[in-house]
Amino acid sequence: MSDAKRERIVRARMRLRERFKAEMEATPGRSDPAPLGTGPLNRHGMPKLPIGQVVAKGWPVLDLGVKPAVPRTEWRLEVVGACDRPCVLGWDELLGLEQTDDVSDFHCVTTWSKMDMEWRGVRFAELMAHVGVRDEARHVFVHGYDGYTTNVPLVEAMKPDVLLAHTVYGEPLPAEHGGPVRMITPQLYAWKGAKWVRKIELLTEDRKGFWEQRGYSNTAHPWRNDRYA
Ligand SMILES: Nc1nc2c(c(=O)[nH]1)N[C@H]1C(S)=C(S)[C@@H](COP(=O)(O)O)O[C@H]1N2
Ligand SMILES: [Mo]
């Protein structure tokens, strides 16, 4: 990537941080006065284990019965909608963006949590700076290669621990867990993170995804036990 492009992304990141600062502080994950859960505080000041969750032994696999096999060389991510530079990213372009390592917890609505997972990938916020997300964009609608869809408020997706993750515990993300690339949303229930991510739509109006259409909560805040609509 050229220096000019990199500088443009850095400037866009700073503008986006300003744009979302107040709104992000007001989200339940930051401002909840009485978060429900147990254990010491996590990285976001929430009780480590959200209410109703149990720490999992291994790492369960949840899908719709389809596990698409997408080689890294054939993987593409399309970004469309309310942005200045819609694009199709391949593996090399993804690696050309800033890479982030982060440790975060993973909370499935079916009550298991997997703690302190070590991820590497590209921040969703970095991708938004790359495509030049527009002010009118408020919602994100994400598609997986298996036909799965889910929706996330843009302000939640802009949190620094939301990644397009390609590596976990230093190894390529296993296919059954959404490799080559998936999204993770550590401050929301894990169904908000699409595995085998294929397409991201930036929307001005909300649109419900697969589980949201079937009665799951649209907001999905683990520390409010916010599982079903
Ligand atoms: N593409 C796709 N993404 C998905 C799902 C799915 O069925 N398809 N399931 C969701 C659910 S309900 C959860 S809990 C997590 C599970 O991720 P894991 O299988 O890596 O544990 O992925 C989420 N993302
Ligand atoms: Mo889930």
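In which loop does Pro180 lie? Pro180 lies in the loop between strand S11 (171-172) and strand S12 (182-184), where helices (H or I, at least four residues) and strands (E, at least two) are DSSP runs numbered from the N terminus. This is a predicted model, in which local features need pLDDT of at least 70 and side-chain atom pairs count only at pLDDT 80 or more, while totals for chains, interfaces and linings use all residues. Residues are numbered from 1 along each chain as its sequence is written, chains are lettered from A and ligands numbered from 1 in the order in which they are written, and side-chain values use heavy atoms, with hydrogens and water left out.

**Backbone geometry**

Most residues other than glycine have a negative phi, and most peptide bonds are trans. Against that background, a cis peptide bond with omega of about 15 degrees joins Gly179 and Pro180. Ala220, in the segment after helix H6 (210-213), has a positive phi of about 60 degrees although it is not a glycine. Asn225, also found in the segment after H6, has a positive phi of about 55 degrees and is likewise not a glycine. Ala220 counts as buried at 0% relative accessibility, whereas Asn225 is partly exposed at 35%; buried means under 20% relative accessible area, exposed over 50%, and partly exposed in between (1.4 Å probe, protein chains only).

**Ligand site**

Ligand 1 is surrounded by 19 residues, the closest being Pro60, Asp146, His177, Arg182 and Lys195, with a residue taken as near if one of its heavy atoms lies within 4 Å. The table gives polar contacts from side chains to the ligand, each a pair of N or O atoms within 3.5 Å.

| Side chain | Ligand 1 atom | Distance |
|---|---|---|
| Asp146 | nitrogen | 2.7 Å |
| His177 | oxygen | 2.7 Å |
| Arg182 | oxygen | 2.8 Å |

The protein covers 98% of the 540 Å² of accessible area that ligand 1 has on its own, by the Shrake-Rupley method with a 1.4 Å probe.

**Nonpolar interior**

A nonpolar core is a set of buried Ala, Val, Leu, Ile, Met, Phe, Trp, Tyr and Cys residues joined through side-chain atoms within 4.5 Å. The largest has 48 residues, and those with the most contacts inside it are Phe124, Leu127, Met128, Ile200 and Leu202. Elements that give two or more residues to this core include helix H1 (3-25), helix H4 (124-131) and strand S13 (197-203), and its largest share, 6 residues, comes from H4. Leu127 touches residues including Leu77, Val79, Leu89 and Ile200, not counting residues up to four places away in sequence, a contact being heavy atoms within 4.5 Å. Apart from this core lies another, of 13 residues, among them Trp112, Met117, Leu163 and Leu173.

Definitions and conventions. Polar contact = N/O pair within 3.5 Å; in protein donor to acceptor, adjacent residues only side chain to side chain.
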